[in-house]
Amino acid sequence: MVGATATAAPTRTDEPVLATVTFTVNGQRRELELDTRTSLLDAAREHLHLTGSKKGCDHGQCGACTMIVDGRRINACLTLAIMHQGAEITTIEGLGQPDHLHPMQAAFVKHDGYQCGYCTPGQICSGVAVLEEIKAGIPSHVTADLEATPQVTEAEIRERMSGNICRCGAYSNIVEAMTEVAGARA
Amino acid sequence: MKSFTYERPGSPAEAAAAVARTPEAKFIAGGTNLLDLMKLQIETPRHLVDVNGLGLDTVEPTEEGGLRIGALVRNTDLAAHPRVRTDYGVLARALLAGASGQLRNKATTAGNLLQRTRCPYFYDTAQACNKRQPGSGCSALDGVSRQLAVIGGSEACIATHPGDMAVAMRVLDATVETIDAAGAARTIPIAEFHRLPGDEPSRDTNLEPGELITAVMLPKPVAGTHIYRKVRDRASYAYALVSVAAILGKDGSGHVAFGGVAHKPWRVEAAETDLPKGAKAVTEQVFAGAKPTHENAYKLKLAERTLGAALNQARA
């Protein structure tokens with residue numbers, strides 16, 4: 001096979017290359033024709049007009065774009081939309097709406113878990129997934145005993161939320177909101 | 001980002017063949033490093049071959065009592081795997097010390113081995129960098145080098161391998177299993193997988209063009225306290241200044257590899273017999289011939305002290 005030319009070499013024209021992807025976003029099946037370069041974040045914001053997820057750094061450093069894809073939180077800015085054929089995607093809009101808030105959204109409101117609010121959709125998506133990760137027994141850097149079941153502690157929450165940056169510094173209130181949701185569910 | 005075509009092959013061999021035959025093609029797995037570099041046009045592939053969904057995402061016990069970790073096993077899943085937590089604690093600890101929860105959910109075992117340096121001059125396309133643009137020079141040599149290599153570098157490059165997982169893989173004597181475009185498999189010991197920069201820093205590893213990692217093999221577990229200590233500028237979500245991956249007995253005997261100090265995980269097996277004598281006796285040998293800059297010479301003392309802390313932990 002080495003040296004075979006079964007596929008013609010694509011030429012570097014910088015013309016957009018289009019591809020089709022179908023996935024479920026917040027319970028709705030969506031089909032999009034996209035430039036292959038489109039991140040999942042841009043697909044949601046620019047094509048589906050779901051602007052809750054935010055673009056902060058666009059390099060996976062700030063967490064403002066966090067979505068829950070197939071049950072896991074990821075940086076939507078660092079993944080291509082076309083790589084998610086058939087995926088189940090939840091954005092902040094799918095977690096809850098003003099008239100029926102998700103418990104984590106309600107807890108952020110109650111505990112003032114934000115100031116400017118820009119990082120908040122990512123914080124909330126991450127926070128929901130973090131509690132699920134602890135419940136599933138996934139250890140973290142601060143879990144003392146790798147073979148024990150991790151607990152919801154302040155140290156665990158702070159470590160697991162380190163991929164979500166808040167420039168306003170609402171961290172202690174975010175910890176309180178998450179702790180309340182974890183306790184209410186237990 | 002430059003435009004590219006995209007395909008999902010049906011098997012690992014098809015994936016390898018697709019990359020081998022298509023000019024400027026790359027594999028994409030988690031994409032957390034590659035897409036970042038593509039946005040900055042440090043990587044400009046014309047074609048992406050998506051290796052997700054090829055069934056390379058399982059962890060299986062081997063006949064020798066070890067583990068075969070599929071190339072696409074996510075960092076989160078590997079760290080949480082019961083056998084890894086019980087028998088390869090140093091690997092679980094190293095994985096959990098790396099990146100953020102979001103990134104570990106996407107990042108893969110093979111991709112982690114292949115992640116590129118975070119040298120600031122590699123990332124800044126206005127600067128000379130032999131790794132990014134061969135022959136352009138190395139701005140790091142006389143530049144800000146606090147995070148860069150203290151040993152194994154060259155006049156062409158003093159970048160470090162940024163990973164944590166690979167340091168644990170090195171102390172565990174892992175082997176990397178690959179398949180090439182002709183469908184032939186081979187295994188590469190982790191010690192020979194990453195390269196030193198020499199006069200060809202653009203090549204991070206000894207993989208051939210189109211060669212696809214299919215798995216990482218761990219030998220049977222090594223008894224002892226499994227330790228991964230990482231020293232960094234903040235408590236979470238930062239690269240190592242120095243890290244120590246160690247498997248140590250109560251008397252201090254065992255094995256150790258260092259991260260954050262070289263272009264590859266740094267281990268000198270011959271020095272390990274002196275582990276019971278203490279950290280200094282070991283690091284003097286491990287870092288013999290080191291050529292630190294005035295900005296990163298602190299890493300030599302830090303490596304000694306971090307190993308000392310690991311020895312104290314094992315003896316406690």
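User: What is the mean pLDDT of chain B, and what share of its residues reach 70 or more? Please then describe the interface of chain A and chain B.

Analyst: This is a predicted model, in which local features need pLDDT of at least 70 and side-chain atom pairs count only at pLDDT 80 or more, while totals for chains, interfaces and linings use all residues. Residues are numbered from 1 along each chain as its sequence is written, chains are lettered from A in the order in which they are written, and side-chain values use heavy atoms, with hydrogens and water left out.

The mean pLDDT of chain B is 97, and 100% of its residues reach 70 or more; pLDDT is the predictor's confidence in each residue, from 0 to 100. For the complex, the predictor gives an ipTM of 0.97 and a pTM of 0.96.

Chain A and chain B each bring 50 residues to the contact, which means heavy atoms within 4.5 Å. About 4,300 Å² is buried between the two chains, and carbon and sulfur atoms give 53% of that area; buried area is the accessible area (1.4 Å probe) that two parts lose on being put together, summed over both.

There are 3 salt bridges between chain A and chain B, a salt bridge being a side-chain nitrogen of Lys or Arg within 4 Å of a carboxyl oxygen of Asp or Glu. The side chains of K2(B) and D14(A) form a salt bridge at 3.5 Å, N to O.

Note on methods:
Polar contact = N/O pair within 3.5 Å; in protein donor to acceptor, adjacent residues only side chain to side chain.
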